[in-house]
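Please read the following note with the sequence and the model open beside it.

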Amino acid sequence: MKLRIRRVALDTLRENVAVLSASCAALRPEAFQAFRRLKIDHESRTLIASLDVTHDRALVGPDEIGLTDPAFRRLGLSEGTEVSVSPAQRPQSLDAVGEKISGATLTGLQIETIVQDIAAYRYSDMEIAAFLVGCAGFMTSAELLDLTRAMANAGATLHWPSPMVVDKHCIGGIPGNRTSMIVVPIVAAHGLVIPKTSSRAITSPAGTADTMEVLANVDLSVADMRRVVEECNGCLVWGGHVNLSPVDDILIGVERPLNLDTREQMVASIMSKKMAAGSTHLLIDVPVGPTAKVRNLNDALRLRKLFEYVSDQIGINVEVIVTDGRQPVGRGVGPVLEARDVMAVLRNEAAAPADLREKSLQLAGKLIERDPMVRGGAGYRIATELLTSGVALATMDRIIDAQGRKSTAPALGALHRDILAPESGIVRAADCLRIAQLARLVGAPLDRGAGLDLFKKVGDRVEQGEPLFRIYAAEQSHFELTIAAADEESGFVLGANSQQDGKAAS
């Protein structure tokens, strides 16, 4: 059938959705029951979309096909363009998904075909979820390796003239852990190439890209990214804009609401992006703590073995380090507050968070020691000198200017209130998950100035009525909701003395 395109102003997130009128002359009810996908063709362009039907003629007319925002953008044609519309065949790779759910081990070709279909948006979110659930049941080492390679090859791949391209990655789950924005300028100032591609937040209060965006443009093209790296030895950009392992972002968007976060999926996610980014040497930070992603040392060691196996097969030199994940790092949780902490460390301000500074120096030192000209054990000293001398700050300023400095920085939320300690005692624990939830609830990262400013660390003495943290919000409704949630459970655990187990502050 021939129909004219009409844009439907609906954001259906990742999914391509096409809308037909119930009065469409070419649509027979019995045909509609037989398929739920449409294929839309125009010359060399093809789009597969899920089908919805509307009874509102003002939305879509009988001779039109409505495309929601993602589908309209991906097809790339103007409204009113006539296209051919026909039933779309079910992706054949779904047979392999069914086999995986039944317990089969998939071949490399089967996994590659599934990944290609996901990359082409031929799968609905429900079908992607089926694939993820099947993989969560079990994955062999060979399947993990095949998935990593297929995900890396599904998007752009970067190649750099330098024989050594270093990178670092944290598996996440620790609020305020914005070490990349300090490590990159230190390592770049030393002279190593470190083109850092980072993610935006999905379930956290801020990703590195969200925080860097407070200071500079992060939506760079590959050409601009190369220019920045040539000028500065490093960059801090959003990986989604340069199309590195795009399937990973699709999978993450489906698995997080389902709370699917297996070791195998984590390894494939990280290593596929680093493979596509052209990294040769990678430092992986695995925080371990009672409310972190990895809860104990045994799990961390098993995860390290998976990273080492995949890295050996794809030719990336990987070092996995286990770090303290018992509490947030730094003070700020949310883009503006985290950017404040980063710049305070780079400027060597007296009030800069000591834990964020120290962890960043440790990580930067390990990367600097990958330089063949650096003696073992000298990396930390070199990193410290680059930071304290102001050289790292100057490098960060060059990176910000090269990427495009923001003329006006977002302001902190105008609404703020302190959450007070209900009793005197010692801070025994700070729940990373709860603190992240509160920061998300108050509007971070969409509201850049929303978040939490933490005043206490584990081990600190606190008096009754003393502030534990401050909530910042831009919207009244978010503000009130978060205050109520924090009053019910703040995430801070207080104890009367060193022998007594704490109880949650409320």
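1. In strand β6, the bridge partner of Arg 4 is Glu 82. That pair belongs to the antiparallel arrangement of strand β1 (residues 2-8) and strand β6 (residues 82-87), which are joined by 3 bridges. Strand β3 (residues 37-42) also pairs with β6 in the antiparallel sense, over 4 bridges, and here Leu 38 stands opposite Pro 87. Two strands are taken to pair if DSSP finds at least two bridges between them, while helices (H or I, at least four residues) and strands (E, at least two) are DSSP runs numbered from the N terminus.

2. Before going further, please keep in mind that this is a predicted model, in which local features need pLDDT of at least 70 and side-chain atom pairs count only at pLDDT 80 or more, whereas totals for chains, interfaces and linings use all residues. Residues are numbered from 1 along each chain as its sequence is written, and side-chain values use heavy atoms, with hydrogens and water left out.

3. An open sheet of 3 strands has the order β7-β10-β11, with parallel pairing. Its edge strands, each pairing on one side only, are β7 (166-170) and β11 (317-324), and the twist from one strand to the next averages 20 degrees. Helix α12 lies across β10 and β11 and runs at about 165 degrees to β11.

4. Another open sheet has 4 strands in the order β12-β15-β17-β13, and its pairing is antiparallel. β12 (332-333) and β13 (415-420) are the edge strands, each pairing on one side only. Over 2 bridges, β12 pairs in the antiparallel sense with strand β15 (residues 451-454), where Asp 453 is the bridge partner of Gly 332. Helix α17 (residues 432-441) lies across β12, β15 and β17 (467-473), at about 135 degrees to β15.

5. Leaving aside residues up to four places away in sequence, Asp 341 touches Gly 330, Arg 331, Gly 332, Pro 353 and Leu 356. The side chain of Asp 341 also meets that of Arg 340 in a salt bridge (2.9 Å, N to O), and Arg 340 counts as partly exposed at 32% relative accessibility. A salt bridge here is a side-chain nitrogen of Lys or Arg within 4 Å of a carboxyl oxygen of Asp or Glu.

6. Gln 403, in helix α16 (residues 391-403), is also buried, with a relative accessible area of 4%. Among the residues that Gln 403 touches, not counting those up to four places away in sequence, are Met 212, Ala 216, Val 228 and Cys 235.

7. The structure holds 38 salt bridges, and a few deserve a look. The side chains of Asp 248 and Lys 273 meet in one of them (3.5 Å, N to O); Asp 248 lies in helix α10 (residues 246-255) and Lys 273 in helix α11 (residues 263-277), so the pair ties together parts that are 25 residues apart in sequence. Asp 248 is buried at 3% relative accessible area, and Lys 273 is buried at 17%. Lys 39 forms a salt bridge with Asp 41, with the closest N and O atoms 3.9 Å apart, and Lys 39 is partly exposed, with a relative accessible area of 32%.

8. On the surface, Leu 297, Leu 301 and Val 322 form a nonpolar patch with about 230 Å² of accessible area together. Leu 301 belongs to helix α12 (residues 297-314) and is partly exposed, with a relative accessible area of 32%. Patches are made of residues with over 30% relative accessible area and no salt bridge, like charges being joined within 9 Å and nonpolar side chains (Val, Leu, Ile, Met, Phe, Trp, Tyr) within 5 Å; accessible areas come from the Shrake-Rupley method with a 1.4 Å probe, and for residues only the protein chains shown count as cover.

Definitions and conventions: Contact = heavy atoms within 4.5 Å. Axes fitted to C-alpha atoms, helices over the stretch in contact; angles between N-to-C directions. Buried < 20%, exposed > 50% of the residue type's maximum accessible area, 1.4 Å probe, protein only.
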